[in-house]
Amino acid sequence: MLAGYQCPLRFFLGIPCPFCGMTRAFLCVLEGDLAKSFYFHPLWPIVLGIIIIFPLWKFRLLHLSDKWIDHGAFAIGILFLLCFIIRHVTHSPIVQIDFTKGVFHFFSYMNI
């Protein structure tokens, strides 16, 4: 974890998001440990591709139609949702739901 950083959704509700593990995956890539990066999040190469392609498209160095962008974004969203579901079904320790670790659970016992 980066100097105490935690996913906001997990921090407040105790629920991981479909991107949980992405930061750790990229840190492993920077360290050269690709196997571990896929453990933390198997879709990190897609995000890396988006990071590379988006500025090229935005500054008109890469020409993509709006239809291609819309369909691509939809397909990537479905892919992330399916990956998230599979990680839950297979009980990946990266995406375990634990409502007791969320801040709102803590406040519920304080009667605020």
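By buried I mean a residue with under 20% relative accessible area, and by exposed one with over 50%. Please keep in mind that this is a predicted model.

I'll start with helix H2, residues 22-31. Which residues of H2 are buried? They are Met22, Ala25 and Cys28. Looking down the axis of H2, these buried residues fall within an arc of 120 degrees, so they line one face of the helix. On the other side of H2 are Leu30 and Glu31, both exposed.

What do the buried residues of H2 pack against? Their partners are helix H3, which is 34-40, together with H4 and H5. After H2 comes Gly32, with a positive phi near 85 degrees.

Next, two of those partners, H4 and H5. Helix H4 covers residues 44-58 and helix H5 covers residues 66-89. They pack at an angle of about 160 degrees, and their axes are 13 Å apart. Angles over 145 degrees count as roughly antiparallel, and H4 and H5 are therefore roughly antiparallel to each other. The crossing in which H4 passes H5 is left-handed.

Which residues make the contact? From H4 we have Ile46, Val47, Ile50 and Trp57. H5 contributes Ile69, Ile76, Leu79 and Phe80. Sorted by class, the contact of H4 with H5 has 8 nonpolar residues, no polar ones and no charged ones.

To recap: H2 has its buried residues on one face, and those residues pack against H3, H4 and H5. H4 and H5, in turn, pack roughly antiparallel, through a contact with no polar and no charged residues.

Methods
Residues are numbered from 1 along each chain as its sequence is written. This is a predicted model: local features need pLDDT of at least 70, side-chain atom pairs count only at pLDDT 80 or more; totals for chains, interfaces and linings use all residues. Side-chain values use heavy atoms; hydrogens and water are left out. Axes are lines fitted to C-alpha atoms, for helices over the stretch in contact, and angles run from 0 to 180 degrees between N-to-C directions. Helices (H or I, at least four residues) and strands (E, at least two) are DSSP runs, numbered from the N terminus. Angles under 35 degrees count as roughly parallel, over 145 as roughly antiparallel, 65 to 115 as roughly perpendicular and the rest as oblique. A crossing is left-handed if the near helix is turned anticlockwise from the far one by less than a right angle, and right-handed if clockwise. Contact means heavy atoms within 4.5 Å. Ala, Val, Leu, Ile, Met, Phe, Trp, Tyr, Cys and Pro count as nonpolar, Asp, Glu, Lys and Arg as charged, and the others, Gly among them, as polar. Buried means under 20% relative accessible area, exposed over 50%, partly exposed in between (1.4 Å probe, protein chains only). The arc is that of the directions from the helix axis to the C-beta atoms.
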